[in-house]
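This report goes through a single structure, taking its features one at a time. Please keep the sequence and the model at hand while reading.

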Amino acid sequence: WMRANRPKQSELPPIQRAKANARAYANTYLKRGKLTRQPCQACGEEKAEMHHADYSKPLEVLWLCQPCHKQRHKELLRLP
């Protein structure tokens, strides 16, 4: 289904392509042990995921649990 319906990376708009590249780069460093998983920086929850504040710096990530991550994106959408 994904191969048939999901756009190829070469077909993505430049901004989406940069985001996908940053995520892939950070995930590779995480798998290699160069980037270590940490607890949520907002509430301390152990299970956290990566958040990129700036996609041009793929290894600079904030570790946020899923609720804090969603809240962060809601706050970013409200900014003028």
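## The salt bridge

Is aspartate 54 buried, partly exposed or exposed? The model is a predicted one, and in it aspartate 54 is partly exposed, with a relative accessible area of 33%. This value falls between the limits of 20% for buried and 50% for exposed.

Aspartate 54 is paired with lysine 57 in a salt bridge, where the closest N and O atoms are 3.9 Å apart. The cut-off for such a pair is 4 Å. Lysine 57 is partly exposed as well, at a relative accessible area of 39%. The structure has one salt bridge. Side chains of opposite charge can pair when their charged atoms come close.

## Helix H2

Helix H2 covers residues 14-32, 19 residues in total. From its first C-alpha to its last it reaches 27 Å, close to the 27 Å expected at 1.5 Å a residue.

Ala22, Ala26 and Leu30 are the buried residues of H2. Seen down the helix axis, they fall within an arc of 70°, so they line one face of H2. These buried residues pack against two strands, S1 (49-52) and S2 (61-64). On the face turned away from the buried side, H2 carries the exposed residues Pro14, Lys31 and Arg32. After H2 comes glycine 33, which has a positive phi, near 85°.

## The nonpolar core

The largest nonpolar core consists of seven residues: Ala26, Leu30, Leu35, Ala48, Met50, Val61 and Trp63. H2 and S2 are the elements that give two or more residues to this core.

Leucine 35, one of the core residues, has contacts with Ala26, Tyr29, Leu30, Met50, Leu59, Val61 and Trp63, leaving aside its neighbours within four places in sequence.

## Histidine 69

Histidine 69 lies in helix H3, which spans residues 66-78. With a relative accessible area of 11%, histidine 69 is buried, since the limit for that class is under 20%.

What does the side chain of histidine 69 make a polar contact with? The partner is the side chain of glutamate 49, at 2.6 Å. Residues up to four places away in sequence not being counted, histidine 69 touches Glu49, Met50, His51 and Leu64. Among these, Met50 also belongs to the largest nonpolar core and is in contact with leucine 35.

Note on methods: Residues numbered from 1 in each chain as written. Predicted model: local features only at pLDDT ≥ 70, side-chain atom pairs only at ≥ 80, totals over all residues. Heavy atoms only, no water. Helix = DSSP H or I, 4+ residues; strand = E, 2+ residues; numbered from the N terminus. Expected span 1.5 Å × (residues − 1). Buried < 20%, exposed > 50% of the residue type's maximum accessible area, 1.4 Å probe, protein only. Arc of directions from axis to C-beta. Contact = heavy atoms within 4.5 Å. Salt bridge = Lys/Arg side-chain N within 4 Å of Asp/Glu carboxyl O. Polar contact = N/O pair within 3.5 Å; in protein donor to acceptor, adjacent residues only side chain to side chain. Core = buried A, V, L, I, M, F, W, Y, C linked by side-chain atoms within 4.5 Å.
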